[in-house]
Amino acid sequence: MPGDEEKEFDDLRLLLDTVHQRSGLDFREYAFSSLRRRVARAVRETGTENVSGLHLRLKSDGQALDYLIRQLTVHTTAMFRDPGFFRVLREQVVPVLKTYPFVRLWVAGCSTGEEVYSLSILLHEEGIAERCRIYATDLSENVLERARAGVFPLAAMQEYSRNYQLAGGRVPFSDYFTADTESVIFRRHLRDNVVFGTHNLVSDASFNEFHLILCRNVMIYFQRELQERVHALFHDSLVTFGFLGLGRSEAVRFTAYRDCYDTIDAKERVFRKIK
Ligand SMILES: C[S@@+](CC[C@H](N)C(=O)[O-])C[C@H]1O[C@@H](n2cnc3c(N)ncnc32)[C@H](O)[C@@H]1O
């Protein structure tokens with residue numbers, strides 16, 4: 001019913017205003033459908049009656065605020081996720097990166113780090129890791145802590161190993177980690193060239209000029225105007241002829257920057273800034 005929907009939208013908006021005031025994190029321009037599902041789950045799991053009830057709880061309970069913030073962000077990730085994407089990086093992007101004396105890369109929205117370790121492995125195999133620096137950022141300090149540790153569940157390694165081989169991996173994947181009964185730890189040298197830090201794509205400015213930016217499966221959760229602002233940030237942050245890698249459902253085609261990029265691979269969403 002339109003009246004009910006309007007009320008739900010208003011309640012959600014008030015809740016997100018409070019989240020913003022109390023944490024500094026602004027989710028008000030995230031996609032409504034995803035927010036709605038996530039807040040509904042938080043209502044159920046906190047045993048509150050509805051969005052207003054959850055809102056009231058947030059005002060007096062700091063833990064409920066932290067919990068809601070964790071619920072509002074999706075951290076799903078995998079090593080060599082979409083192996084074809086990493087194949088395109090290896091075959092079409094890295095040969096260009098090799099022509100630079102020093103290479104800066106930015107993984108924006110890196111979650112728990114699987115994408116960063118994948119990129120680092122690829123750069124090592126291509127012999128350029130030593131002159132690369134990867135800046136790996138996320139909104140959430142919790143996930144960055146896990147990324148820095150480089151510890152991942154052993155159970156995921158079969159899938160990651162398969163992805164790695166499909167992405168053109170050169171050695172047995174197990175060469176990159178040591179395992180115990182439940183987890184694996186990735187080799188230290190893979191993070192020697194990585195700087196992990198918080199950066200919020202909603203509110204923080206550019207902090208360097210990059211030859212490659214990966215921002216995959218992050219903007220899909222943003223409304224159009226916010227996507228547009230993040231595209232402006234990336235465009236400003238790329239050197240001319242720098243590369244941009246997006247997720248499978250993300251594009252530059254519908255933004256004001258569509259004419260600023262050549263498409264390197266349409267399926268894998270790899271673009272190159274031309275102006
Ligand atoms: C679905 S994960 C994607 C991880 C990885 N890029 C991949 O494709 O596998 C989205 C990540 O974006 C982060 N994120 C969401 N909003 C953000 C923002 N405003 N600024 C920076 N990171 C954000 C989330 O915390 C989450 O870790």
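1. A polar contact here is a pair of N or O atoms within 3.5 Å; within protein, one must be able to donate a hydrogen and the other to accept it, and residues adjacent in sequence count only if both atoms are side-chain atoms. By that test, a backbone N or O atom of Leu201 sits 2.9 Å from a nitrogen atom of the ligand.

2. On provenance: this is a predicted model, where local features need pLDDT of at least 70, side-chain atom pairs count only at pLDDT 80 or more, and totals for chains, interfaces and linings use all residues. Residues are numbered from 1 along each chain as its sequence is written, and side-chain values use heavy atoms, with hydrogens and water left out.

3. Side chains also make contacts. An N or O atom in the Asp138 side chain is 2.6 Å from an oxygen atom of the ligand. For Tyr30, a side-chain N or O atom is 2.7 Å from a ligand nitrogen. The protein buries 98% of the 600 Å² that the ligand exposes when taken alone (Shrake-Rupley method, 1.4 Å probe).

4. Around the ligand are 20 residues (a heavy atom within 4 Å). Tyr30, Thr77, Arg81, Glu115 and Asp138 come nearest. By class, the shell has seven nonpolar, nine polar and four charged residues; Gly counts as polar and Tyr as nonpolar.

5. The unreviewed UniProt entry annotates residues 11-275 as "domain: CheR-type methyltransferase". Such annotations may be inferred rather than shown by experiment.
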